[in-house]
Amino acid sequence: MFISKIKLLGFIGLKPHGNKHYILRVLPFLFALIFVLVVGNQSLSSSPKTTEILWDTYGVPHIYGKDNQSAFQAFGWAQMQSHGNLLLHLYGQARGRAAEYWGEKYLESDRWVQTMGVPERSHSWYLAQSPKFRRYLDAFASGINAYAEKHKDLIADEVEVVLPVKGEDVLAHQMRVLNFTFIANPEEVAGVSKQQSKPGSNGWAIAPSHSENGHAMLLANPHLPWSDLFLWYEAHITAPGINAYGATLVGIPVLAIAFNDNLGWTHTVNTYDGWDNYELKLADGGYRFDGQVRAFKTKTRSLKVKQKDGTLRSQKLVVESSIHGPVISRKDGKAVALRVVGLDQPGVLQQWWDMARSQNLTQFQAVLQRLQLPMFTVMYADREGHIMHLFNGQVPIRQQGNFEYWQGLIPGDTSKTLWSKTHPYQDLPRVIDPKSGWLQNTNDPPWTTTFPQVLNPDNYPPYMAPRGPMEFRSQRTVQMLAEDDKISFDEMVSYKHSTRMELADRLLDDLIPAARKYGSELARRSADVLSAWDRQTNADSRGAVLFAAWVDTIDFDSLFSKPWSEDSPLTTPDGLANPESAVTTLLTVAAKVEKTYGNLDVAWGDVFRLQSGDVDLPANGGDGGLGIFRVLNFVPLPDGRFKSVSGDSYVAAIEFSQPVKAMALTSYGNATQPGSASAGDQLKLFARKQLRQVWFSHQDVLSHLAERKVF
């Protein structure tokens, strides 16, 4: 910092050629002033001399790194403190050695990971990183190891076998999560036909023209299982060139959903196809391809399986590969080989890191153009008022077929079906600053991201994304955004918690009178319950249990009198095709509900529960297929009730004002380690439909400090 002598003299009221002796008397003051200004300025702009983690009262680590490498190391430490046992379990599985560590139940997992070549590819991916980012990965791993060494008593004995962790383990875990779970799920792959039942999310971007206070806003709301590799970890990372807050999946060393002072983004699982099963015709020990017989490439691996007595049993795994990829099955003279995108693109962690460091839309798009992130919609907003929706992904360039064609088993004997390249950034569906002033995605195809529609599917390859019915949750979210001309921050948060059931609005006007016309006394009582119902799934909503049970029993394919139409995407399908048959089903369901719960109008929260550890609370929200924006998915309990296991997991509402305003919630809490005060501590807020304030400034963090760790 440079301050001229003239400016300093002017500051104390002297002219440059004033009294010489007076100037000499004030020189000590001037030097002291210069010292204070220079040192003070350095303390604000230069890196801190130490690295520390400030843990707030909800168990969120705020990491202040003296340099980026130190920040990565601190992040590894933080993840171990919050999720150490889980993290090491996940890394052990990513090595393909989980059965060796923990026994037979992990053998199928190891077969999948080893057949897909995850361990050896993670080594080549590690070498492909830039030297700087390789050091960051090593630092994250060293933070994991340092915590485990320091706190051996807090780590389960069974997972210590995974230690020490290396940078390659981080990449193996990332590859298993993205390429071989989100893109190509082993259960889906084994079924040959693809089921569009992947984890979901909600994402909104609201422009200043559509917000009440003239600031852009962003809503991040992924819906994932509440366990295993799908768990979110909320964190704040500050280091030279970065000050970002958000969340990532446990074991990932960078933020995957985040915001900084100037911009933010979220992801949703998009209607994206990044894998194919190819049917091979076997001949002469090989397979036919373009009229010739090719030989399989073969590798033999040894899987070790821990026995109950602690000894290890070895099992041979022979992996055959065609030009398409590894063979996953052989039957009746045919074989099936799997091809997955992105296996030559090792830079997603670097891309996420640089997305969080970007300061405007131009910088952000420059990072996105690398296309290292193999899938996921990107929903974006910034302080300058820009909003963007990108159908992101490494989309294979295919020579033929529409989206539906590529959902089945693909002929593998011709190069006409074998893709090798992916579409560049400019080919992907993208909307920036639409006239509507808002963008949304709830796992629907990109064509309905805003209304009036901006993207025309006719302008894209027919395999890019499907054309078909707009899901009820998507229709619900569009109605909330389109019907409110000016949305405030508080309204956005309120809309996030909406449990209104869009499907009920489409059917009750037909079902209630039909029950009174065709039914018995039980049917009429059911009609009364449904008529009084508020059409929501709040904890105290009565009628929702009956309606949801009826929906779960009916034949959806023949339900509606008016099918979905591309010309009326927000009001179809609608009406009952066969009201009398619908009432017959209602009677069966009503009898079961009354017998199980004692009455027809049992409260939703009495049946559907939020459970974590000792916490057991009434739930609100439900299946997105019912047209509910606040998504919760449940599994049955032995007593006839249901327990939440997936759905709303991490929520962040951000307004790009100055300073940035944000609220968030990690539904199940920010820790899983035994004895952690943060395990399940946010579930009560979830049950009350509340978010918590994000503490983003250093002063706010200090005001809500629970623990401090200085390195």
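Is Asp284 buried or exposed? Keep that question in mind; the tour comes back to it.

**Before you start**

You are looking at a predicted model, where local features need pLDDT of at least 70, side-chain atom pairs count only at pLDDT 80 or more, and totals for chains, interfaces and linings use all residues. Residues are numbered from 1 along each chain as its sequence is written, and side-chain values use heavy atoms, with hydrogens and water left out.

**Stop 1: the whole chain**

Show the protein chain as a cartoon and you will find 20 helices and 30 strands. Helices (H or I, at least four residues) and strands (E, at least two) are DSSP runs, numbered from the N terminus. The radius of gyration is 29 Å, close to the 27 Å that the globule rule gives for 711 residues, so the chain is as compact as a globular protein of that length. That radius is taken over C-alpha atoms, and the globule rule is 2.2 Å times the number of residues to the power 0.38. Along its principal axes, the C-alpha trace spans about 105 × 70 × 55 Å.

Of the 711 residues, 57% are buried. Here, buried means under 20% relative accessible area, exposed means over 50%, and partly exposed is in between (1.4 Å probe, protein chains only).

**Stop 2: strand β1**

Select residues 52–56, which form strand β1. 5 of its 5 residues are buried, so β1 is largely enclosed by the rest of the structure. In a regular strand the side chains alternate between the two faces of the sheet. On one side of β1 look for Glu52, Leu54 and Asp56, and on the other for Ile53 and Trp55; all are buried, and both faces are covered.

Select residues 705–710 to see β30, which runs antiparallel to β1 and is joined to it by 5 bridges. Asp56 stands opposite Leu705 in this strand. Then select residues 61–64 for β2, also antiparallel to β1, with 4 bridges between them. Here Trp55 has Pro61 as its bridge partner. The hairpin of β1 and β2 has 4 residues between the strands, and Gly59 takes a positive phi near 75° there.

**Stop 3: two cis peptide bonds**

Zoom in on Leu163 and Pro164, which are joined by a cis peptide bond with omega about -5°. Pro164 sits in the loop between α7 (131–150) and α8 (167–183).

Then jump to Phe451 and Pro452, where the peptide bond is cis too, with omega near -5°. This time the loop holding Pro452 lies between β20 (438–441) and α12 (472–482).

**Stop 4: two positive phi values**

Select Arg535, in the loop between α15 (521–532) and α16 (544–551). Arg535 is not a glycine, yet its phi is positive, at about 65°. Its relative accessible area is 17%, and it is buried.

Finish at Asp284, in the loop between β9 (275–283) and β10 (286–289). Asp284 also has a positive phi, near 50°, in a residue other than glycine. And the opening question? Asp284 counts as exposed, at 77% relative accessibility.

Terms used. Two strands pair if DSSP finds at least two bridges between them.
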